[in-house]
Amino acid sequence: MQQVASNPSRRWRLGVPWLGLLALVGFGCVGDDPRLVDVTPPLETDEPNPEDTDFGAFYTRTSFEDEPRQVSGDYADVVVAFGEGSSLVFSRATSFRPVWVVDGIRYPVEHLATIAGDGPAEANFDRTNRYSYARIVESGPRQIVVHWRYFPDLDRLSPTDVVHEVYTINDTGSVRREHDAGTATIEAWLDPGNTITQTFRLTPTVSSTSRRPWVP
């Protein structure tokens, strides 16, 4: 996995966190806006992509229950499907931390922020997902972009404490991950040094020796 600092190419999609997130702190969000992309009917299963499908992204609802359906909605989770049962899943079960599901095994990406939530760090660290969401901001035949927003420390809920991560996912399995922490000023937000960028490639099978779901 390659990790470098860079200026995120899609930061304009996120807006300025210290201006635009004041309302979100109090209410939280879920990625259930069908205006962003065409959605499919919700899947009531732990395997969000049980059938072979082509590359694509959609909103759905997995079987994980954090809040009643009336609260979190029918389209609370995001799935990027690669076919043959492989999917990159952004779900409430992990506070939308992406998980690569392949061969029936789940592999979450590593945390880049120190997690101090009210739930387990390796699962739904934002226990009711009040302050976390994922949304599809681009969905094309060759490239998909997903935005994950969360607060790593639930004792610190200022807009300057929010984290944005943008995942640019290609149909070849290559992924570009851009991690931006909230800052006190717009100048600091735009500073290339504020961004951590990782690039990796999702693999359709997992080596029995390395058990790694991706390769650098």
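Predicted model: local features only at pLDDT ≥ 70, side-chain atom pairs only at ≥ 80, totals over all residues.
Start with the core. Select Val80, Phe90, Val146 and Ile169, which touch the most other members of the largest nonpolar core, a set of 28 residues. Next colour the strands that each supply at least two residues of this core, among them β3 (77-83), β7 (133-139), β8 (143-150) and β9 (163-170). Strand β8 gives the most, with 4 residues.

Now show what surrounds Val146. Beyond its neighbours within four places in sequence, Val146 is in contact with residues including Val78, Val80, Phe90, Val137, Glu165 and Ile169.

Turn to the salt bridges, of which the structure holds 6. Select Asp77 and Arg92, whose closest N and O atoms are 3.0 Å apart. Asp77 is in strand β3 and Arg92 in the loop between β4 and β5, 15 residues apart. Asp77 counts as buried because its relative accessibility is 0%, below the 20% cut-off. Arg92, at 1%, is buried as well.

Go on to Arg177 and Glu165, which form a salt bridge with an N to O distance of 2.7 Å. Arg177 belongs to strand β10 and Glu165 to strand β9, so the bridge ties together parts 12 residues apart in sequence. Arg177 is buried at 1% relative accessible area, and Glu165 is buried at 0%.

Finish with Arg142 and Asp171, joined by a salt bridge at 2.6 Å, N to O. Is Arg142 buried or exposed? Arg142 is exposed, with a relative accessible area of 53%, while Asp171 is partly exposed at 28%.

Conventions:
Residues numbered from 1 in each chain as written. Heavy atoms only, no water. Core = buried A, V, L, I, M, F, W, Y, C linked by side-chain atoms within 4.5 Å. Buried < 20%, exposed > 50% of the residue type's maximum accessible area, 1.4 Å probe, protein only. Contact = heavy atoms within 4.5 Å. Salt bridge = Lys/Arg side-chain N within 4 Å of Asp/Glu carboxyl O.
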